[in-house]
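Here is a brief report on the model shown below. Look over the sequence and the structure, then read on.

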Amino acid sequence: MIPIAEAVAPPNLKAATHSDRSPGSIAFLVALWLALAIAVLSLTVLLVDAFIDGQSRLDSGLLTNYTSQVFPEQAGARAAILGSIWVISTTAVLAIPLGIAAGLYLEEFADSERWYNRLIETNISNLAAVPAIVYGMLTAGFALAIGMERRIVLSGAIALALLILPVIIIATRESVRAVPQEIRHGSLALGATPLTTVWRQTLPAAIPGIATGSILALSRALGEAAPLLLLGGLVFVNYDPNGLMSGFTTLPIQIFNWASQPQEAFQQVASAAIILMLGLLLVMNAVAILIRNRYQSRW
Amino acid sequence: MATFTTKPSTTQSSQNGERAPAPLLHTLEHAPRTLPAYPSPVVMECSDVNIYYGDFRAVTDVNMAFAKNEITALIGPSGCGKSTLLRSLNRMNDLIPQARVEGSITFHSKGIYDDDVDPIEVRRRIGMVFQKPNPFPKSIYDNIAYGPRVTGMKVDNMDDHVEQALRRAALWLEVRDKLKQSAYGLSGGQQQRLCIARTIAVEPEVILMDEPCSALDPIATSRIEDLMVELRENYSIIIVTHNMQQAARIADRTAFFTADVDVVTGERTGRLVEYDLTTNIFQNPSDERTEAYIQGRFG
């Protein structure tokens, strides 16, 4: 008698013939790694280079000193940091409510069969790809038309709000679309109005996604220089901005300006400011990821 | 289905020497009720109801009345329009673009599609429980309190109101210690009973149920069935079910629908074949299509 285990040949799992190890697959895998390596490497080089250049200036002076044309060794980013805070906060106040409202309307109330709604949808997707400088031009033209000063916090915030509005609208729409239809129907079947349903069910369920998208959009606005330069963002500000009508500079503008100066000391402080800004962006993106993971959808 | 018990009491006619026809399915595990031959008193009524999606006619010429404090089951093969009809009974069909109801559906003799009728109020008076349990992403307590809150119901004490609704849905004992916990922590059967409790909390007169047990295991199903029989004392229940045995077990009256296939276009339109007391439908159907379906010859 042969034991049954020998009689029935066990399936040879190792001999399976799918070609994970064929030369083609390996070449493809290597190509993918290479693509990743290029991205990571260039970021690393940039960071290390900036760190080496700027480490001598990474001190409290960077945070507390105003910039100075006469003493580049003592130039600091105080006005730029405060300016960035003012502009980004104003941008958030302008863009987030508007973006959420527009996204909610398009997703929950607009009849997507209508040609004008389809036109709006297509255009919003296109707007997300428009170069940032165009928004600067638009805002400059708008400011000129209504006789508003261009070089103030409000103008800068309007330009950046226009820039990130499409991103927030798209993020809102996607989060709202991810809320299951059953939740809406459950609410409506109890006799809730469509507006109540949006306000008390759909929107709260979509908030984590909207928050993540908004923070990522704001971090893009934080790093943006082009539209503000076009508006004539000031570069040598040695006072704290103190309101929407105040002149301002921001970190990217300040870095742009320092980096274009010939003195070695300005190059160093520019590198230090780059580190500071990257750190800030990292923190904002980390918060976005944290929110996403913490409140990941539960259905 | 192992839960069938033989209850010969429902087919007693041997006294006068006639042989009772052999029952097709044994019905009424719950005590049989003496019911009038025609629905009375009527709570809802369909007259010449045709339901369209765009040009496509999904339901054709339905005439039937639903009795107060009874369970009415709508059965039939897939695509026979029974769910479509159910959804149009509380205007949930309005939410489907292009859906249109012709003929009249009345609630206490008032047409629910009349111009002066608010669909929101219709849905509050005629509640609905869905196929898949759809609790809100909130606590158990808030799931129940949501309906009364958003419909502006006058509730003296919300805690008592929530308890009452949960008790009626036979869920109180299981959840009384975790009212503040998320409803997503409940089992599927508990979630469905929560959805029933949520519907009861706005005190509707009619509860529509769209295959409420199709996502549940047999034990959870049996609990929901017991619950429906209890709820019949205070509410009128209309249930769509794919499960004939379920209709046989709990329904007072059963309507059998079938799909007519258009020879030219291949489109299927639902039609009411036979509507009678459940005992008659299952033991002595007058239409041969009903008999064929109940015996499992098609569907």
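How many residues does the contact take from chain A and from chain B? The contact takes 15 residues from chain A and 21 residues from chain B. Two residues are in contact if their C-beta atoms, placed from the backbone, lie within 7 Å.

## Basis

This is a predicted model: local features need pLDDT of at least 70, side-chain atom pairs count only at pLDDT 80 or more, and totals for chains, interfaces and linings use all residues. Residues are numbered from 1 along each chain as its sequence is written, while chains are lettered from A and ligands numbered from 1 in the order in which they are written.

## Chain B

Chain B has 10 helices and 10 strands. Helices (H or I, at least four residues) and strands (E, at least two) are DSSP runs, numbered from the N terminus. Of its 299 residues, 44% count as buried. A residue is buried if 20 or more other C-beta atoms lie within 10 Å of its own, exposed if 12 or fewer, and partly exposed in between; C-beta atoms are placed from the backbone.

## Cores

The largest nonpolar core holds 83 residues. Such a core is a set of buried Ala, Val, Leu, Ile, Met, Phe, Trp, Tyr and Cys residues joined through C-beta atoms within 7 Å. B:Leu74, B:Ala197, B:Leu208, B:Ile237 and B:Ile238 touch the most other members. Helix 6 (residues 188–201) of chain B gives the most to this core, six residues.

Leaving aside neighbours within four places in sequence, B:Ile238 contacts B:Phe66, B:Thr72, B:Leu74, B:Leu86, B:Leu89, B:Val206 and B:Leu208.
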